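Open the model in your viewer and keep the selection tool at hand. This tour goes stop by stop, saying what to select and what is there.

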Amino acid sequence: MKFKSVVSACALLAASASMAVAAPISLTKTNPSDTFDGGGRKSLRIINDAGPALNQWVTAGGFRLTDQTNGVDFIAWCVDIAHNLSLKGLYEVTSAPFTNTFAFTQTQKDNVKSLFETSYSSLNLNSNNESAGFQLALWEVIYEDSGTFDVKDGSFYSSTNISARNIANGFLANLGGAVTQAYNVSYLESLGWEKSGTTKYSQNLVSVTPVPLPAAGLLLACGLAGLYASNRRKKT
C-alpha cells in the first residue's frame, strides 16, 4: 500500500503539472463493494443551512480509489456535499476548484491546505472516529460561513457522534498552527455524464501528496514524467 501511494503521488503530480495536455483520469473504487476498503468511516447526520441546503445521514471517511488511467491507488476526501459519489467516472485534476458546483475562494483553499498540513500526517486512517472527524473538519472549512469553525454549531454542523465531532474540532483548533507535514493539494473535478439531456456529476474530491516526496526513485520518476509532458507540449 505504501508503494502504491508513492506511485500515485507521482501520477497526481504529473497530471497537475501537465494539465494543458493531460487527458481526463478514470476513477473507480479500489474495492467495488466497499468505498472505504476497510478503512475508517462513521455514519453521521450533517446539516448545512447555507447553500447547498442539506440535512441527511452520510458515511464520512477517506475514500480508497483507483486511478485506472495510471494504474494506481490513492485516498481521496469529499469536498462536495451537493453530489453523491458515483463511480466509475471521469475526473480532471485541477488547482482551481470547481466549475461544476461553485468556485472555492483563496481562503477556502488556504484552510483546506492548512488542515492537511497541521493534522493529516498523524491521522489514523483506520480509526472510524478519526477518519470521520477529519472529513467533518474538511467540510467545515469549506461550508461554514459564520466565521467560526465548530462542527457542533453554525451554518454547517453535525448533530451526531460526539467523539468524531470532538476530534474534528481538535483538528480545526490547529488551523494556522505549526506545519507538521507539507503537502501538494490536488482537486479532482467530476467531468459528469449526460442522462436524459441533463449533465450529472459525481462528487468533487481532494487528495494530497507529501512535500518533499520521500523516495529518490519517485523523484526520478516524476522528473521523467515531467520531461515526457514537456516533450508532448513541444510536439503539439
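## First stop: Gln135

Select Gln135. With a relative accessibility of 1%, Gln135 is buried, because the cut-off for buried is under 20%. Gln135 belongs to helix 3. Now show its surroundings. Leaving out residues up to four places away in sequence, Gln135 touches Ala60, Gly61, Trp77 and Cys78.

## Step back: the whole chain

Zoom out. This is a predicted model. The protein chain has five helices and eleven strands. Of its 236 residues, 45% are buried. Take the contacts with a separation of 6 or more: residues 24 or more positions apart account for 69% of them.

Colour by pLDDT next. The protein chain averages 86, and 81% of the residues score at least 70. Select residues 1–7. Here pLDDT stays under 50, and the model has six contacts beyond four places in sequence for this stretch. Move to residues 17–21. Their pLDDT is also below 50, with eight contacts in the model beyond near neighbours in sequence. Where pLDDT is low, predicted coordinates should not be read in detail.

## The nonpolar core

Which residues have the most contacts inside the largest nonpolar core? Select Phe116, Leu136, Leu138 and Trp139: they are the ones, in a core of 47 residues. Helix 3 gives the most to this core, with nine residues. In soluble globular proteins, nonpolar side chains tend to be buried together.

Stay on Trp139. Beyond residues up to four places away in sequence, Trp139 touches Ile46, Val58, Ala60, Cys78, Ile81, Glu144 and Phe156.

## Aromatic rings

Show the aromatic side chains. The structure holds 16 aromatic pairs. Begin with Phe36 and Phe63. Their ring centres are 5.5 Å apart, with 45° between the planes, and the pair is tilted. Trace the chain between the two. Phe36 sits in the loop between strand 1 (25–29) and strand 2 (41–48), while Phe63 is in strand 4 (residues 63–67), 27 residues apart. Is Phe36 buried or exposed? Phe36 is buried, at 6% relative accessibility. Phe63 is buried too, with a relative accessibility of 6%.

Next, select Tyr120 and Tyr183. Their ring planes stand at 70° with centres 5.8 Å apart, so this pair is edge-to-face. It links distant parts of the chain: Tyr120 is in the loop between helix 2 (106–119) and helix 3 (128–143), and Tyr183 is in strand 8 (residues 182–190), 63 residues apart. Both Tyr120 and Tyr183 are buried.

Now select a cluster. Phe98, Phe102, Phe104, Trp139, Tyr143, Phe156 and Tyr187 are linked by ring pairs.

## Ser121

Select Ser121. This residue lies in the loop between helix 2 and helix 3. Ser121 counts as partly exposed, because its relative accessibility of 42% falls between the 20% and 50% cut-offs. Apart from residues up to four places away in sequence, Ser121 touches Phe116, Thr180, Gln181 and Tyr183. Look at Thr180: its side chain makes a polar contact with the side chain of Ser121, at 3.2 Å. Then look at Tyr183. Ser121 and Tyr183 are 62 residues apart along the chain, and their C-alpha atoms are separated by 9.6 Å.

## Strand 1 and its partners

Switch to cartoon view and select strand 1. Four of its five residues are buried. Find Ser26, which stands opposite Leu90 in strand 6. Strand 4 also pairs with strand 1 in the antiparallel sense over three bridges. There, Leu65 is the bridge partner of Lys29.

## Last stop: Gln203

Select Gln203. Look for this residue in the loop between strand 10 (198–200) and strand 11 (205–211). Gln203 is buried, with a relative accessible area of 10%. What does the side chain of Gln203 reach at 2.9 Å? It reaches the backbone oxygen of His83. Not counting residues up to four places away in sequence, Gln203 touches Phe63, Cys78, Asp80, His83, Asn84, Leu85, Tyr91 and Ser190. Phe63 brings you back to the ring pair with Phe36.

How values were computed. Residues are numbered from 1 along each chain as its sequence is written. This is a predicted model: local features need pLDDT of at least 70, side-chain atom pairs count only at pLDDT 80 or more; totals for chains, interfaces and linings use all residues. Side-chain values use heavy atoms; hydrogens and water are left out. pLDDT is the predictor's confidence in each residue, from 0 to 100. Contact means heavy atoms within 4.5 Å. Rings of Phe, Tyr and Trp (its six-membered ring) pair if their centres lie within 6.5 Å; planes under 30 degrees apart count as stacked, over 60 as edge-to-face and the rest as tilted. Helices (H or I, at least four residues) and strands (E, at least two) are DSSP runs, numbered from the N terminus. Buried means under 20% relative accessible area, exposed over 50%, partly exposed in between (1.4 Å probe, protein chains only). Two strands pair if DSSP finds at least two bridges between them. A polar contact is a pair of N or O atoms within 3.5 Å; within protein, one must be able to donate a hydrogen and the other to accept it, and residues adjacent in sequence count only if both atoms are side-chain atoms. A nonpolar core is a set of buried Ala, Val, Leu, Ile, Met, Phe, Trp, Tyr and Cys residues joined through side-chain atoms within 4.5 Å.
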